[in-house]
Amino acid sequence: MPVYSDNNMPEDELHQLLLRAVPENELGNKSIAHLATLIPCRRWSVNKWIRAGKLPPDRALRVVEISHSGKPEVSGGRVKIEDFHPFVYKSWPSV
């Protein structure tokens, strides 16, 4: 399971945004597995969003909620819903 720190971030913009939102674990690292646990959803779902470059609006709202927890001294949280607009409003395939 890959873990990330401020010195070691992925190149994908959505992946970076999701990792910025998740609080650090007890070792000071961030991971998609930790984010998935907090959402709650499966890790493969988060990885699917990253591969597709988009995520559902309700999940974007939940990620923003997560970013506001754990660090009350950070005004407005680590990410804002506006940060997710390019990834939420992409067209989804029709069913």
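Predicted model: local features only at pLDDT ≥ 70, side-chain atom pairs only at ≥ 80, totals over all residues.
Residues are numbered from 1 along each chain as its sequence is written, and side-chain values use heavy atoms, with hydrogens and water left out.

**View 1. Overview of the protein chain.** The chain contains 5 helices and 0 strands, and its elements follow the order α-α-α-α-α from the N terminus. Helices (H or I, at least four residues) and strands (E, at least two) are DSSP runs, numbered from the N terminus. Of the 95 residues, 39% count as buried; buried means under 20% relative accessible area, exposed over 50%, and partly exposed in between (1.4 Å probe, protein chains only). Among the contacts (heavy atoms within 4.5 Å) with a separation of 6 or more, 51% join residues 24 or more positions apart.

View 2. Leu-14 is itself one of the buried residues of α1, together with His-15, Leu-17, Leu-18, Leu-19 and Ala-21. These buried residues pack against α2 (32-38), α3 (43-52), α4 and α5.

**View 3. The crossing of α1 with α5.** The axes of α1 (residues 13-21) and α5 (residues 81-88) come within 11 Å and cross at roughly 150°. Axes are lines fitted to C-alpha atoms, for helices over the stretch in contact, and angles run from 0 to 180 degrees between N-to-C directions. The two helices are therefore roughly antiparallel to each other; angles over 145 degrees count as roughly antiparallel, under 35 as roughly parallel, 65 to 115 as roughly perpendicular and the rest as oblique. The crossing of α1 and α5 is left-handed, a term for a near helix turned anticlockwise from the far one by less than a right angle, with right-handed used if clockwise. Glu-13, Leu-14, Leu-17, Leu-18 and Arg-20 of α1 make the contact with Asp-83, Phe-84 and Phe-87 of α5. By class, the residues of this contact are 5 nonpolar, no polar and 3 charged. Ala, Val, Leu, Ile, Met, Phe, Trp, Tyr, Cys and Pro count as nonpolar, Asp, Glu, Lys and Arg as charged, and the others, Gly among them, as polar.

**View 4. The crossing of α4 with α5.** The axes of α4 and α5 come within 10 Å and cross at roughly 155°. That makes α4 roughly antiparallel to α5, and the crossing is right-handed. Pro-57, Ala-60, Leu-61, Val-63 and Val-64 of α4 meet Ile-81, Phe-84 and Val-88 of α5. The residues of this contact divide into 8 nonpolar, no polar and no charged.

**View 5. Ala-60 in its surroundings.** Ala-60 is found in helix α4 and counts as buried, at 0% relative accessibility. Residues up to four places away in sequence aside, Ala-60 touches Leu-55, Ile-81, Phe-84 and Val-88. Leu-18 is 42 residues from Ala-60 along the chain, and the C-alpha atoms of the two are separated by 9.2 Å.

**View 6. Ser-69 in a loop.** Ser-69 lies in the loop between α4 (57-68) and α5. Its relative accessibility is 35%, so Ser-69 counts as partly exposed. Ser-69 and Pro-23 are 46 residues apart in sequence and 8.0 Å apart in space, C-alpha to C-alpha.
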